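These are my notebook entries on one structure. I looked up its sheets, its loops, a pocket and the positions listed in a record.

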Amino acid sequence: MTTAPQTLNTDVAIVGAGPTALFAAFECGMLKLSCVLIDALDSVGGQCAALYPEKPIYDIPAHPAIEGGALIEALEQQIAPFDVPRLLGSRVETLEGHRGDFTLKTARGDVINAKAVIIAAGAGAFGPNRPPLDGLEAYERTGAVQYYVKKRADFTGKRVVVAGGGDSALDWALSLSDVAEKIYLLHRRDRFRGAPETLSRIEQQIEAGKIEKVVPYQLHALHGTDGVLSTVEVTTLEGTSRHIGADALLPFYGLSTDLGPIALWGLDTHRNTVPVTPATLESSTPGIFAIGDVATYPGKLKLILQGFSEGAMAAHAIHAIVHPDTALHFEYSTSKGVPG
């Protein structure tokens, strides 16, 4: 990772370095468009790498299951022939200019001159929604309370309370049930939001004694000494309490997101997303495109595979900006190979 400020001239500036951004870089390379990846995180991978590097993803074509970290490694290998520069560890603060001539500046002082911009910033700046519990910080410091699982092995033989009723809670309860001594799945309602197959697997693990549903309860207090957790206290809405012996608490209550400086770039925005034209992924500002979770349009699905498609479509639309006098004749990659 380069830390000294740089000045780069490129065809396409890609804001973000998650899976969608990486595949957009590949599509740009296939069209012989130069690009640079810029991200506030100090490594590529976005949420896949930062939040769930060991969590299986099941909806990537040709992969029945692939962990987030492995997906990022494969995407890195795919763009390796194009030698794409990366400016990591500093977010883009300002974006000025017009279609064909943009200037981006990062907080570190990097200057990027680009003919087009792709915003692939995921959910923007993100952080966990933390439960309002007294003394929470002490348990966060020791790792007794975590919001992202980076190493499943850290929970081997432990009693783990997984709190939440959505996909993240269910998926991690299943994943960790293979290594933990016991999983307590806590939710305020006796109803979970998950795919039928996931719910079926949860029931199988409950019957096997690896997972215990704790419903309808919500978090009330943590008990322990010097950040070492011993008990999670939960209560019902009626005030009935229960103490669960536990070594770790994993609250999955979603992420709080913020577009950050992107909201100040003069683009039309809507609820922390950037509305785009579906055919091109172009935003309200000509020459600036948005793909992945940050982009919105009628029928949008927040899936990585849809972000991949959007990256390809945006790259093809940008070709006309970078090479206005050159017609783009579509060819399958099996026919043209990877440009040398």
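**Entry 1: the parallel sheet**

I began with strand β10 (residues 159–163), which pairs with β16 in the parallel sense over 4 bridges. Helices (H or I, at least four residues) and strands (E, at least two) are DSSP runs, numbered from the N terminus. The model is a predicted one: local features need pLDDT of at least 70, side-chain atom pairs count only at pLDDT 80 or more, and totals for chains, interfaces and linings use all residues. Residues are numbered from 1 along each chain as its sequence is written, and side-chain values use heavy atoms, with hydrogens and water left out.

Within this pairing, I found Val 162 to have Leu 250 of β16 as its bridge partner. I then looked up the whole sheet: it is open, has 4 strands in the order β12-β11-β10-β16, and its pairing is parallel. β12 and β16 are the edge strands, each pairing on one side only. From one strand to the next the twist averages 20°; for such angles, axes are lines fitted to C-alpha atoms, for helices over the stretch in contact, and the angles run from 0 to 180 degrees between N-to-C directions.

At the other end of the order, strand β11 (residues 182–186) and β12 pair in the parallel sense over 4 bridges. There, Tyr 184 stands opposite Glu 212 in β12.

I next asked which residues of β16 (residues 248–251) are buried on each side. Ala 248 and Leu 250 are buried on one side, and Leu 249 and Pro 251 are buried on the other, so that both faces of the strand are covered. Buried means under 20% relative accessible area, exposed over 50%, and partly exposed in between (1.4 Å probe, protein chains only). In a regular strand the side chains alternate between the two faces of the sheet.

**Entry 2: the antiparallel sheet and its hairpin**

I turned to a second sheet, an open one of 3 strands in the order β13-β14-β15 with antiparallel pairing. Its edge strands are β13 (218–225) and β15 (241–245), each pairing on one side only. The twist here averages 25° from one strand to the next.

β13 and strand β14 (residues 228–235) run antiparallel and are joined by 7 bridges. I noted two partners in β14: Val 232 for Leu 222, and Val 228 for Thr 225. The two strands form a hairpin with 2 residues between them.

Is Asp 226 buried or exposed? Its relative accessible area is 73%, so Asp 226 counts as exposed.

**Entry 3: other backbone features**

I checked the loop between β12 (211–214) and β13, where Pro 216 is placed. The peptide bond from Val 215 to Pro 216 is cis, with omega near -10°.

Arg 271 is a residue other than glycine with a positive phi, near 50°. Arg 271 is found in the loop between β17 (255–258) and β18 (274–275), and is exposed, with a relative accessible area of 74%.

Gly 299 lies in the loop between β20 (295–296) and α7 (304–322). The relative accessible area of Gly 299 is 65%, which means that this residue is exposed. From Gly 299 to Leu 199 I noted 100 residues in sequence and 26 Å in space, C-alpha to C-alpha.

**Entry 4: the second largest pocket**

I looked up the second largest pocket, whose volume is about 240 Å³. A pocket, on a 1 Å grid over the protein atoms alone, is an open set of points where a 1.4 Å probe fits, with protein on both sides within 12 Å along at least five of seven lines; lining residues have an atom within 4 Å of a point. The volume is the space filled by probe spheres set on the points.

Which helix gives the most to this lining? It is α3, with 4 residues; α3 (68–79) and α7 each supply at least two. The lining includes Phe 23, His 63, Gln 78, Leu 305 and Phe 308. It divides into 9 nonpolar, 2 polar and no charged residues. Here Ala, Val, Leu, Ile, Met, Phe, Trp, Tyr, Cys and Pro count as nonpolar, Asp, Glu, Lys and Arg as charged, and the others, Gly among them, as polar.

**Entry 5: positions from the record**

The unreviewed UniProt entry lists several positions under "binding site", among them Thr 20, Asp 39, Tyr 52 and Asp 293. Such annotations may be inferred rather than shown by experiment. I followed up Asp 39, which is placed in strand β2 (residues 35–39). At 13% relative accessibility, Asp 39 counts as buried.

Technical notes. Pairing = 2+ DSSP bridges.
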